[in-house]
Structures are given as C-alpha cells and as structure tokens.
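Welcome! Please take a look at the structure below, and then we can walk through some of its features together.

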Amino acid sequence: MILSILLSLTGCEKGTPSDPGKLSDEEYEEMMESARTTPYGKYPETIYYTLGKVTGENNSNLPEGDTYENNEYTRYLLDKINVQNEDDFEGNEYSDYDKLAEMAIKTKNIPDIMVVSDHDMLRDVVEAGLAEDLTEVYEKCSTPTIKNIYESYGDEVLGTATFDGKLMAIPETSISSGPSLVWLRKDWMNILGLKDPETLNDVIEIVKAFVEYDPGNNGKGNTVGLVCDEELTGDTGYSYEYQLDMIFASMGAYPKQWIERNGEIVYGSVQPEARLALLKIRALYEEGILDDHFLFRTTNNIIELVENGRCGSFFGPWWAPNNPLMDAVANDPSADWEPYLVSTDDKVGGKISYSSQKTTGKYVIVRKGYEHPEIAMKIISVLFDYARYEANDAEGIKNYFEQNVDPTARPLAINVDYKDALSRCYRDITAVMNGEKSESELPILEDSYYNVCKDYDLKQEHTPQEWAAYTSRITALKIISDAENAGRLDMVDSLYFGETATMKTDWWKLREYEKETYLQIITGDKNISSFDVFVKKWKSSGGTKITEEVREELGAAGE
C-alpha cells in the first residue's frame with residue numbers, strides 16, 4: 001500500500017530538462033498542448049524524432065567537434081522547443097541521399113521526418129500512404145511571417161505539396177537567383193593581358209586563351225576548358241553550377257523549359273533555336289574550349305579541377321564562392337576568382353536572357369502516424385522566423401553564417417525565404433554600409449554577412465570564409481543588381497513545373513532520349529540532322545500529347 005501511494009504521488013509530477021523542478025499532470029498537459037498547437041511552444045520533455053538527414057560536402061563545413069545531431073542548430077532547437085533529431089540515415093545531397101531515401105520509401109520504413117528531393121518522390125510517398133496530412137499543422141504551427149513568405153510565391157509553392165486539398169508536405173522555397181554568372185580566374189587573365197568580358201564571345205576567347213597558353217602552369221594540355229555537367233542545362237528553370245544555360249540563351253534556346261512562342265506553349269528542347277545552340281556548343285567542344293572530357297566527369301571530379309587550379313572557368317550562380325570556390329581559394333590563396341555577367345545578345349551593355357526558376361524543389365514529409373507531426377513545422381518557424389527576425393540569443397547560428405557553414409547543417413536541409421530574398425539581403429547590407437540604415441535593424445542573416453563584409457576592403461588578408469561571404473553577398477549580387485537597375489535582365493518565363501498524365505508514363509523516356517541526342521550531337525557521335533529526327537520522334541512518342549496536356553492545364557489554346 002505504501003509503495004502504491006508513492007507511485008501515485010510520483011505519477012502526479014513530471015520533470016522537464018529545462019526546469020529542475022516538477023510539473024503537475026495538469027501543468028504538463030497544458031505545456032504539451034501549447035507545444036503541439038503553437039509555433040514556439042516548448043515541450044515539457046525532450047521529444048526525439050528520427051530523421052533522414054541530407055548532408056553536404058566537407059561535412060557541411062561544420063566546426064570541429066560539431067555533428068549533424070549536435071551543432072548550433074540542433075542545440076538551439078533543443079533549448080527553444082525541446083526537440084532532438086536522431087538520424088536514421090545520413091546521405092550526401094549530391095550522391096547517395098536519394099538512394100537511401102528511395103530505399104526507405106520502397107521498404108515502407110521511413111523515419112519520422114524526412115526530406116525528399118523532388119515532386120516525383122513526394123508523390124510516391126503520398127501514393128504509398130506513408131505521409132501525414134500537415135494541413136492543420138501548417139495552420140497552427142507556422143508563424144504569420146512564415147505564411148507571408150509562402151504567400152510571396154502565390155499558390156506556386158504550397159500548391160505543389162497539396163493533394164486532394166490536403167497539405168502533405170512542407171515545401172522548400174527556391175528564391176530567385178537571377179541569371180548565371182561566369183566565374184573566371186582573374187589572375188590568369190592578368191597574366192595574359194586579357195580584359196574583362198562583356199559578351200559571351202569575350203568569354204569564349206578568354207577560355208580559349210586559358211587552354212592554349214596555360215597561365216596556371218599546369219603543363220601543356222592539362223589546363224581544362226569550360227567545365228560542364230552532362231545535364232547541360234538546369235531542369236525546369238532551376239539554377240545549377242557547371243551548366244550551359246547562358247550559351248543556349250545566346251541563341252534564344254531554353255531547353256527543358258515550357259515557354260511561350262508566338263502565342264503558344266512549347267517545349268524549349270525541340271525548338272529550332274536549340275538546334276542552332278547545339279551547333280555552337282559542338283564547335284566549342286571540337287576546339288577544346290568546352291572541356292573535351294566532360295562526359296566522363298562527376299560533380300566531384302569537376303570540383304577537384306576547380307580546387308586544384310586545373311580549370312579557370314565555369315558558369316554558376318551567385319553562391320558559387322561557397323562551393324566550390326571557397327576551397328579553391330583555401331588551396332591557393334593567389335587564385336583570384338571573379339564573377340562576370342555578360343550579355344547573351346553579344347552586344348556590349350546588351351540584354352542578359354535567362355529562364356525563370358522553379359519555385360520549389362525539396363519537401364519535408366512526416367511519417368503517417370507519427371505522434372508529433374507538428375515538429376517539422378515548428379523547426380521551420382523557429383529557424384526561419386524566430387531565430388532570424390526576432391531572437392537576440394542566436395549568436396551561435398550567426399557565427400555559422402559568418403563561418404560559411406553550409407545550410408545542410410540544419411536538421412532540415414531546406415531553405416524558407418521570400419521570393420525576392422536576395423534583393424532584400426543586398427539592399428539591407430548596402431544600406432547599412434552606406435549609413436542609410438542602422439545595423440540593429442538587420443535580421444540575423446543579413447547582420448552576419450554585414451559583420452564579415454563591412455571591414456573587408458580595409459583588410460590586407462582574408463580567410464576563405466570571409467572571401468566567400470563578401471564575394472557572394474556583395475560582389476556577385478552587386479553585379480546582378482546593377483544589371484537589373486539598368487534594365488538589362490530579360491527573364492523568360494518558364495511556365496510549367498507540374499506533371500501531366502502522360503508524363504507519368506512517358507516523360508522519363510523522352511528525357512533520356514533528349515539527353516542522349518544532345519550529348520551525341522555535341523561530341524560529334526551524330527551529325528546535326530539527328531536533331532530533326534529527334535524532334536519528329538519526340539512528338540510521335542508522347543511529346544505532342546504532353547504538349548496538349550500542358551497547354552490544357554495552363555489554359556492555353558492548343559492545335
């Protein structure tokens with residue numbers, strides 16, 4: 001009887017790791033209910049969740065001693081809302097993560113929370129009945145700021161994660177990155193007495209000189225031309241490194257994009273302009289201006305060429321200093337990588353054409369039946385609203401920004417930000433640097449970059465992290481901002497990112513056929529007439545039907 005009384009008394013009190021005292025059952029339940037139904041409510045005890053963890057190159061540049069389960073992000077979340085990830089599996093975003101995620105889906109053994117890398121994988125999870133409905137979670141546990149962020153994209157982002165009126169995942173937002181820049185070794189240009197490029201043809205002449213005259217002293221034949229990923233261009237408007245979108249755009253071509261031509265929706269890869277672009281790229285390949293071994297290189301191989309000084313040119317977005325150029329500069333501090341934005345119409349001061357971007361990519365799913373599905377939304381609210389806009393206690397996360405720790409260090413390796421976040425960030429930082437705004441008004445991300453950038457020009461030496469932060473957030477974004485202000489940016493709308501009925505069965509075959517044909521033409525395995533054969537077969541093998549479906553979905557008139 002005494003034991004029974006003691007047990008009953010013990011059952012009325014529960015401890016919480018953040019409070020050495022005790023909670024009554026009533027207090028415990030009130031605290032738990034608040035945690036379940038509000039963005040920032042703290043759980044009365046630590047809630048552990050299994051996670052499918054996306055990792056980055058070089059351990060995401062985490063400081064020594066930090067791990068994906070114990071770092072500034074996870075410690076902050078533990079302190080604020082009392083949640084802790086236990087990684088079920090970890091995989092690099094560029095290599096094995098998708099394979100691990102696909103295996104978990106196939107075996108129907110997914111972790112409590114997991115990131116899936118595209119809409120096809122999300123659909124597979126939903127159709128398999130593995131994903132939890134997050135509609136109520138979004139309404140209750142996302143903050144007004146998070147809702148405003150998603151609303152800045154209209155229905156484009158949340159709509160892709162909605163099935164039969166239910167929100168089945170939390171989508172990443174893909175902020176507009178603008179056109180690709182060409183990144184060149186300025187120190188090599190100086191050695192050869194070359195001027196800064198203003199047109200695409202200028203870039204071609206610079207790369208040709210790099211290969212021919214070997215300013216990096218790699219030895220004859222060892223300096224690689226313009227490096228290129230075998231995918232050639234970004235998928236449905238998404239911006240990548242090492243691709244040739246700008247060269248295609250110089251011929252008015254936008255492969256893999258659904259665009260408007262003469263009042264109709266068409267697929268860019270089968271248009272006459274793409275044929276002309278392939279001829280141009282083939283000539284670059286034959287001259288060695290385009291890396292003549294690009295078909296045999298993985299992304300890691302390309303990065304090694306850049307880091308080891310064997311390559312001095314590639315196309316990439318504004319964030320290229322973070323990866324791979326930070327490590328390239330660390331390997332060789334004399335390497336002076338500079339970004340340039342060149343006209344695609346071959347006129348000095350001319351137009352810079354590029355396609356608009358896909359507004360979302362990755363998705364956060366929660367295992368159906370998991371007891372705390374709200375955790376995923378709470379993590380996003382804490383990291384992308386509270387820690388960024390409200391908190392004054394997130395110095396550790398701020399230091400990560402300043403140290404250029406990769407965003408994959410976050411438990412959920414996604415980004416949630418306004419569509420025009422880049423412009424906002426650049427405007428805010430430069431406003432403070434110009435004395436037009438107080439530093440105290442800067443959100444944590446912008447303030448971290450401001451602290452790195454404000455004294456950059458006064459220093460004689462910089463760490464690779466400082467160089468990467470300044471070059472990405474100031475140098476590269478200034479170039480894009482100046483071009484925008486001058487009215488030079490010519491964005492072609494990429495109009496469709498969904499999946500029609502015929503796409504579900506035929507699209508993968510058409511895409512493989514397209515890739516194979518493009519690569520064979522570029523490398524000379526087939527002559528240019530094979531493009532015409534490709535277009536005809538593409539149309540007869542489902543392409544015409546898919547085009548009709550896309551037009552119908554977009555409300556466009558088809559033939």
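## A turn in the backbone

Let's begin with D164, which sits in the loop between β6 (162–163) and β7 (166–167). Helices (H or I, at least four residues) and strands (E, at least two) are DSSP runs, numbered from the N terminus. D164 is not a glycine, yet it has a positive phi of about 50°. Most residues other than glycine have a negative phi, and most peptide bonds are trans.

The peptide bond from N323 to P324 is cis, with omega near 20°. P324 belongs to helix α14 (residues 321–331).

## About the model

This is a predicted model, in which local features need pLDDT of at least 70 and side-chain atom pairs count only at pLDDT 80 or more, while totals for chains, interfaces and linings use all residues. Residues are numbered from 1 along each chain as its sequence is written, and side-chain values use heavy atoms, with hydrogens and water left out.

## The sheet

Which order do the strands of the open sheet follow? The five strands run β4-β3-β5-β15-β8, with mixed pairing; two strands pair if DSSP finds at least two bridges between them. At the edges are β4 (83–92) and β8 (170–171), each pairing on one side only.

Strand β3 (residues 47–55) and strand β5 (residues 113–116) run parallel and are joined by two bridges. Here G52 stands opposite M114 in β5. Helix α5 (residues 119–127) packs on the sheet and touches β5 and β15 (363–366), where contact means heavy atoms within 4.5 Å. The direction of α5 makes about 15° with that of β15; axes are lines fitted to C-alpha atoms, for helices over the stretch in contact, and angles run from 0 to 180 degrees between N-to-C directions.

The axes of helix α17 (residues 421–433) and helix α18 (residues 444–453) come within 10 Å and cross at roughly 50°. That makes α17 oblique to α18 (angles under 35 degrees count as roughly parallel, over 145 as roughly antiparallel, 65 to 115 as roughly perpendicular and the rest as oblique).

From α17, the contact uses C425, D428, I429, V432 and M433, and from α18 it uses E446, Y449, Y450 and C453.

## Salt bridges

The whole structure holds 31 salt bridges, each a side-chain nitrogen of Lys or Arg within 4 Å of a carboxyl oxygen of Asp or Glu. One of them joins the side chains of R75 and E72 (3.4 Å, N to O). Both residues, R75 and E72, lie in helix α3 (residues 72–81), three residues apart, about one turn of the helix.
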